[in-house]
Amino acid sequence: MSATAKQAGTGKPTAATEAVEIRPQPGMQEEFLESSADICIAGGSAYCGKSFGLLHDAARYVDHPQFRAVIFRRTTPEIRNPGGLWETSEEIYPLLGATGFSASLEWRFPSGARVKFAHLEYEKDIYNWLGSQVPYIGFDQLEMFSARQFWYLFGRNRSVANIPKFIRATCNPDPDSWLAKFIGWWVNQDTGCPIRSRSGTSRWLVRMKDSDKIEWGRSPEELRARYGQDVEPTSVCFIMGRITDNRIGMDKDPGYVGKLRALPKVDRERLLEGNWKVRPAAGLYFQRSSFQVVDAAPADITARCRYWDRAATAWHPDSGQPQPAATAGVLVSRDRAGRFYVEDVQRMFESAYRVETAMKNCSTSDPDGTIVGYMQDPGSAGKGEAEQTAANLAGNVVEYATATGDKVVRAKPVSSQAEANNVKIVRGPWNEEFLSELENFPDGGLSDQVDALSGAFEILIRTGTSGRYEVATSAQNRLERLTGKTP
């Protein structure tokens, strides 16, 4: 088709483009665009071209002046992120003569048709669409939305001026989402992987008025025979996608599949194999066999960090009280080859004062140049406490910050390195307790040592193999590093 591109956000035309043809890639994208189902969901591995297919599909009626499409992402930053919906849409819609308005996240086409991006960050945001009539509604990463959000917007999906109505969505596997049950027929409940022979097959549903329960059937006729001629069945289709479906993307970034293979087992199964059943469980993030026990760290250590996951409750096994969270200080080093060594673990149930004393003592006895890291509690009180701890550790390189992401998210980077046998443990009396906690993470109930390991690893990754925290060999080097001055 011939089109005149316009600069996104300005409304100003650029040079006219030559005739271009925009078409879906064979496989998942073609099936997605060809589906006539009322609700069609494309899901499976990461980078299989789902979002591009969603944007492409939304453009099918842009020659109609009354066509309106809204594509939802859970939050606005996700829409604007590099490689997100907005940036990807800039590769497609200008070729159709559309003008992009980034402030309102909307594309306007020469016919008067519009495609808009919006968020549903909070449950109450659904009421922003009260009374709307939208013939095309899309959800990018549907598993991130609640069932209530989806079904409320389903009620806003209405035909306008004889334009057919559609709901289209993309997703990645999430066994704990409402979506996992909703598309259960298309998924092998033993393996968790989509059933290839069912991919692209439509089923029909009706919702029971009394029980609010969804009932499924193979055809509208079957459901009407069961529940009466007045029911209005809705067709649903699930289409599986594999990374190999995105041939263009594979050509652009052939190494991406290697990155997916390097993920921890849970994420690798979900994002590479499209597994809807795999969950974090004991042994899935850390396995004892992944850690080689060595007698000592090598001589070519470039950086060290002892990271503290702090608690402040004194406790003794004979106290008769339930065991509280422990304080753990994990010392990790990195050599020039990029291998990591857990050299020591200190674990205790002590008061805040004794924890501070232990941190100070370890900072004195640990090798020169060791970074002292710890987590800052949120809020002004946490900031003040963190600053006081830093003052008590004067003379050391100190790093602290509030945590981002949950425990599992923070543990994933070091879990990947452990699975690649890139994390070793220096022999010591703490080895068994440490390995037992890692092996049972995250379902074992304890995570103080895992949290401290994750924190140390994150700091060492930022430090690099030859960064500003290169291990000092003398007090003079330490002073130079801390003050920038030579005595």
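**Figure 1. Salt bridges in the predicted model.** Across the whole structure, a search finds 30 salt bridges, a salt bridge being a side-chain nitrogen of Lys or Arg within 4 Å of a carboxyl oxygen of Asp or Glu. The model is predicted, so local features need pLDDT of at least 70 and side-chain atom pairs count only at pLDDT 80 or more, while totals for chains, interfaces and linings use all residues. Residues are numbered from 1 along each chain as its sequence is written, and side-chain values use heavy atoms, with hydrogens and water left out.

**Figure 2. The salt bridge between Asp57 and Arg168.** The side chains of these two residues meet at 3.5 Å, N to O. Asp57 belongs to helix 2 (residues 50-58) and Arg168 to strand 9 (residues 166-171), so the pair ties together parts that are 111 residues apart in sequence. Helices (H or I, at least four residues) and strands (E, at least two) are DSSP runs, numbered from the N terminus. Asp57 is buried at 1% relative accessibility, and Arg168 is buried with a relative accessible area of 0%. Here buried means under 20% relative accessible area, exposed over 50%, and partly exposed in between (1.4 Å probe, protein chains only).

Figure 3. Asp295 and Arg427 meet through their side chains in a salt bridge of 3.0 Å, N to O. This pair links distant parts of the chain, 132 residues apart: Asp295 is in the loop between strand 13 (292-294) and strand 14 (301-309), and Arg427 is in the loop between strand 19 (423-426) and helix 14 (431-440). Both Asp295 and Arg427 are exposed. Glu350 forms a salt bridge with Arg354, with the closest N and O atoms 4.0 Å apart. Glu350 is partly exposed at 29% relative accessibility, whereas Arg354 is exposed at 53%.

**Figure 4. The largest nonpolar core.** This core has 35 residues, and those with the most contacts inside it are Phe286, Phe291, Val332, Val342, Phe434 and Leu453. A nonpolar core is a set of buried Ala, Val, Leu, Ile, Met, Phe, Trp, Tyr and Cys residues joined through side-chain atoms within 4.5 Å. Helix 15 (448-463) is among the elements that each supply at least two residues, and the largest share, seven residues, comes from helix 15. Beyond its neighbours within four places in sequence, Phe286 is in contact (heavy atoms within 4.5 Å) with residues including Phe291, Ala411, Val414, Leu438 and Leu453.

Figure 5. Strand 16 and strand 19 run parallel and are joined by three bridges, and Tyr341 stands opposite Lys424 in strand 19.

**Figure 6. Strand 14 and its partner strands.** Nine of the nine residues of strand 14 are buried, so this strand is largely enclosed by the rest of the structure. Eight bridges join strand 14 to strand 15, and the two run antiparallel; the bridge partner of Asp309 in strand 15 is Ala328. Strand 14 and strand 17 run parallel, joined by four bridges, with Val372 in strand 17 as the bridge partner of Arg306.

Note on methods:
Pairing = 2+ DSSP bridges.
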